Amino acid sequence: MKWKSSKAFAALLLATTLLIGGCGSNDGSASEGNKGQNTGVEDNSPVTFSFFGADSSPNWNNMQDDVGKAITEKTGVTLDAEFDVGAGGGQSKVALMAASGDVPDLIFAKGELSKLIDAGLIIDLTDLIEEHAPNIKKIFSENMNRLKYSNEDPSIYSIVTNMGVDNQYFDATGGFEIQHRVLKELGYPEVRTVQDYENVLKEYYAKHPTTDGQPTIPLTLSADDWRIMITVTNPAAFATGAPDDGEYYVDPETYEAKLHYKRPEEKEYFRWLNHMFNEGLLDKDAFVQKEDQYKAKIASGRVLGLIDQEWGYNDAENALKNAGKNEYTYAHFPVVLSEEYKDHSFQTSGVDGYGIAITTACEDPVRAIKFLDYLASDEGQVLRNWGIEGKHYTVDENGKRIIPKDIQDRRVNDSANFTKETGLGNPGGLYLTLSARYGDGVKDSTGNYYTINFPEQIIESYSDAEKESLKAYNATTWKDLYPQESDFEPKEWGALYNMPVPTDGDYQVIFQKTQDIIRKRIPEAILAKPDQFDAVFDSFLAELDKAGAAKMEAEFSELVKDRAALFTGKNIE
């Protein structure tokens, strides 16, 4: 299937398809033989769907990996896939699609989907799911309401795929990171506050100014494009006791939203980063380096500390593992500004997140939804997570799935090559974001976990250096060091990074202005002389208001209230 630029023609095709249940030879009526298996596969004749993913996928192998071949064999589907590169998050590409109407059949657009919806390029999946996707319906069950776009438009435009339903977190993979070699030499010190964190990096750096002949870097950050949010700005909220609500902080009592940078405590977090820079502990190139340079530094082993999510530096850490340098990999800590704050990493948002959508360019949306439904079936989920029985896992006499030691070793220590060959990953894999799925800790009808991320398997994947650090901190997994889900009330408004916002009018104009200001002025404040910090930061806040932040915040607050009402059924004024 080619990418389509004619909206009218695509819409006509869609209307015809929905009336007759398919188009061409793929009308979905060929065989009922597999219906009892509930895999959704009725037609496995060859078909190609074009696909765009807003995340990079450097190990994509055109479905010539083991799992990809198995999916094609079962469904007949191959994907003509394109992925965003670098740290762009699909923003430029999706904006171009929205303007031109040139879209693929399937798309994982992350936070840019609203642009395509407003352009009339995404179809409503409600009836398709009801009629052709029993596995997707089963997974979301009572959470189907959370797939709706808004109170005003209750259409289902995407299926949440970047998170698993009913997910239980068994491990922490973000926060403030420190190399295991650092912790070991210093006797595994307490790391609770930014001052603790600073003390550890400073003491070790003083003893080891070089690493393998290169200058040691106490702390580096990645500010390349949107990655600045992950390693620079979002941590300001976490370290000061706020949950991750994107660019905003929401008052849980009033539902009023404001840019989280306006919280006085966050100014003090950025003052600490300014101090780290002026002390020579923060990489002088942190705000000019590209993502590949950031990863190269980590892979060299000379970066003592990070403030990031594991997925952001996983490739570099795997390079260290492949080189036998497990002591150069990282431990995770819930570091806060001072003892009064509590890290909110594990405050839950419920079922909500980015997802996959079918566009008006798709000539056979019935076949497409059936493909997605197969991936959501028990068989499809086991294939995407575990791989092929006898090749990537075995089943013992008690029916328990087991990953052989050599496969587990490759998953952990040769992950890039392993993923390219198999389609599997640790964590994730090439096919996880293509359809709905259950999360970690959920068991299937055989009594096995759907995913490979459960306590025993997670512990098995740890290196000796990691196990040694965990033991020293009296922890089984890194999550043991963090406040738990039970410490917080679930957020009634879900994941605000995924909340639809206006794509036209003043909101987008103001939002882009504030983003430009934030991405320029936060680095300026951090890199300023200490006696200039207050002036730079206060000027930054004034500039946000001058750009119209208050008007934008008021509009966003109303959207938060509407979303909370949609998700909870409450009457929220």
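Visitor: Which residues form one aromatic cluster?

Guide: This is a predicted model. In it, Phe176, Tyr197, Tyr261, Tyr269, Phe270, Trp272, Phe533, Phe537 and Phe540 form one aromatic cluster. A search of the whole structure finds 30 aromatic pairs. Take tyrosine 188 and tyrosine 473: their pair is edge-to-face, with 5.9 Å centre to centre and 90 degrees between the planes.

Visitor: Why does the pair of tyrosine 188 and tyrosine 473 tie together parts of the chain?

Guide: Tyrosine 188 sits in the loop between H7 and H8, and tyrosine 473 in the loop between H18 and H19, so the pair ties together parts 285 residues apart in sequence. Both tyrosine 188 and tyrosine 473 are buried. Tryptophan 226 and tryptophan 311 make a stacked pair, 6.0 Å centre to centre, with 25 degrees between the planes.

Visitor: Is tryptophan 226 buried or exposed?

Guide: Buried: its relative accessibility is 12%.

Visitor: How do I read the packing of two helices?

Guide: Two packed helices are described by the angle between their axes and the distance between the axes. Here H11 (residues 291–300) and H12 (residues 310–322) pack at about 35 degrees, axes 8 Å apart. Their crossing is right-handed. The contact includes Tyr294 and Ile298 of H11, and Tyr313 and Leu320 of H12. By class, it has seven nonpolar, two polar and three charged residues.

Visitor: And a sheet?

Guide: Strands of a sheet pair through backbone hydrogen bonds, either parallel or antiparallel. E4 pairs with E13 in the antiparallel sense, over two bridges. Valine 160 has glycine 355 of E13 as its bridge partner.

Methods: Residues are numbered from 1 along each chain as its sequence is written. This is a predicted model: local features need pLDDT of at least 70, side-chain atom pairs count only at pLDDT 80 or more; totals for chains, interfaces and linings use all residues. Side-chain values use heavy atoms; hydrogens and water are left out. Axes are lines fitted to C-alpha atoms, for helices over the stretch in contact, and angles run from 0 to 180 degrees between N-to-C directions. Helices (H or I, at least four residues) and strands (E, at least two) are DSSP runs, numbered from the N terminus. A crossing is left-handed if the near helix is turned anticlockwise from the far one by less than a right angle, and right-handed if clockwise. Contact means heavy atoms within 4.5 Å. Ala, Val, Leu, Ile, Met, Phe, Trp, Tyr, Cys and Pro count as nonpolar, Asp, Glu, Lys and Arg as charged, and the others, Gly among them, as polar. Two strands pair if DSSP finds at least two bridges between them. Rings of Phe, Tyr and Trp (its six-membered ring) pair if their centres lie within 6.5 Å; planes under 30 degrees apart count as stacked, over 60 as edge-to-face and the rest as tilted. Buried means under 20% relative accessible area, exposed over 50%, partly exposed in between (1.4 Å probe, protein chains only).
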